[in-house]
Amino acid sequence: TSMPPPPLRSCPCFETWLKCRLRLCRRRTNPGFEAVVHRAMAFADAVQQAFAGNAETFGLVGLGWHVEFGSDIFEGVEGRESVLEGARMLSRTQRWHWGSCTKALSTTVVASLVDAGIFSSGWDTTLGDILPALSKDASDPNFAQVTLRQLAAHRSGICVDLAPEVEERLRAKAAVAGMSFVEQRAAFARELAMSTLGCKPGEGFGYSNAGFALLSAAAEVAAKKPWEELVIERLAMPLGMTSFGFGVPPRDAASGGALGHNEDGEVDETEDLPWHHASFSVHSTFHDWALFARMHLRALRGDCSALKVVGVGASSAALLHTPVSPAFLGEMSRGPEKPMSMAMGWQCLWEEPSDGEHWLAERTGILYHFGTNFRFNAGMYLCAEPPLLMLVASNSGSSLAKLAGRLALEAVIGAGTVDE
C-alpha cells in the first residue's frame, strides 16, 4: 500500500510518519530504504537539538526555526512569547520579525521596478535623476551621483546611519505633524543629505541601513506609490504571503503574541521607525517567509525564471546574487560590518577568512543574512548544493540570540554535509 506524503517535520507527527515508513520498508525487505529513513530521523533529531538546544543553552525567551533540506521540511518553536508572568508558549503560527533579512526583499522589489522600466537608466539611475532638488541641496556634491546599484550593494558612500537622537527628533516631529510614511521617508532623506559621504560613490564598502531607507524613498518617488504598496503589490501578493506586514509583529490571535526583548532581556515594545521598513522592518510567518526564500533558492540553483513571478528577469536575478564587495584585495569596511562577499541584500561568504587572509568577492553557492532591531533577531541561509534553506528568528534582541541562531545554523549545515 502507498504511504501519504510526509507532514512538516515538526517532530511528533514527523516521527510517527517515519516509523510507519520504517515498518513498511521492513515488510518489503528494502534495506536501502530503511537506511534512508534512519538518515532522515537522524537529521530531524539534529535539527531539533541544534535549535531547541541552543535556545536553552543561551537562555533565550523564545526561538523559532524553519528548515528545508531537499524535499524535507522541519519546523519548530521553543520558549515563550515574553518574560512576563503568565506568558504563553510560542505558537507555530507566530509572525516573526525579519530584521535585516528584509534587505534581500527590498532589493528584489527594486529589481522588479528596474525590469518594469520605472527608472530612466535602470540600476545606474542616480539620486540626481530621481531626487534632483534634494541632490542639489545636499552637503556633498557627490550625493547626486549615487546610483541605485550602489545603494543596494552598500557601495554608495553612505557609510553611517543617522544618530539615534536625530532619528528620535524626526520621530517626534512626525508624530506632531501627523506625517505619512512617504513624508517621513522624505524628511529622513533630507536629513541624510546634510551628511558628508564616507567615500566617493562606488569606491568603498560601508554597510548602511540609511542607504536602504534612501533606496526606498527614491523608489516610491520614481514609481509614484508608497514603498509599502510597492512591496505588497510586487512581492507579497504574487507570492501569496498573506501574513506579511511592516514593523514589529502585531499581537493578536492571528499573529501570535511574541514581544521583543532588549539586550538585558527586558520587554521592549518600541515600534520600528517607518523609514527603516526597507532596511530591517517587516514580519511574517515562517510559511510566508519561506515562499520568498524558496524562490531565491531556486534562482541560486540555476532556475533563470525563478523570480519571474515577481517581475524580475534572469539578468536582474543574477545581479542580486552576485557579490561585489570586497572589490579589491584588502578592501576593508568603512563601518562595523565586514564585506563578506556582499551582494544586493545578501552575504555570500559564510566562514570569515583567518586574520591576514585576503579575498575577493565571488559566488559561493550560498546566500545568507542576519539582522536585528535590538528587540528581535533573525537569520536566513540558502545553499545551492546540497539544497538547504534555513530561517531562524527569536523574540530576544540580544547578541546572545544572534550567536545562538548562528550556532544552530552551523550545526544543521554540518548535519546536512554528513547526511550527504
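Author: Residues are numbered from 1 along each chain as its sequence is written. In this predicted model, local features need pLDDT of at least 70 and side-chain atom pairs count only at pLDDT 80 or more, while totals for chains, interfaces and linings use all residues, and side-chain values use heavy atoms, with hydrogens and water left out.

Reader: Why are strand E1 and strand E8 called paired?

Author: Two strands pair if DSSP finds at least two bridges between them. Strand E1 (residues 62-69) and strand E8 (residues 388-394) have seven bridges, in the antiparallel sense, and therefore they meet the definition. Valine 67 stands opposite methionine 390 in E8.

Reader: What makes strand E2 and strand E6 edges of their sheet?

Author: The order of this open, antiparallel sheet is E2-E1-E8-E7-E6. Strand E2 (72-79) and strand E6 (366-372) each have a single partner strand, so one side of each lacks a neighbour in the sheet.

Reader: How do you know that E3 and strand E5 pair?

Author: Two bridges join E3 to strand E5 (residues 282-284), and the two run antiparallel. The definition asks for at least two, so the pair qualifies. Tryptophan 96 stands opposite serine 284 in E5.

Reader: Why is phenylalanine 328 called partly exposed?

Author: Buried means under 20% relative accessible area, exposed over 50%, and partly exposed in between (1.4 Å probe, protein chains only). Phenylalanine 328 has a relative accessible area of 44%, so this residue is partly exposed. Phenylalanine 328 lies in the loop between helix H13 (314-321) and E6.

Definitions and conventions. Helix = DSSP H or I, 4+ residues; strand = E, 2+ residues; numbered from the N terminus.
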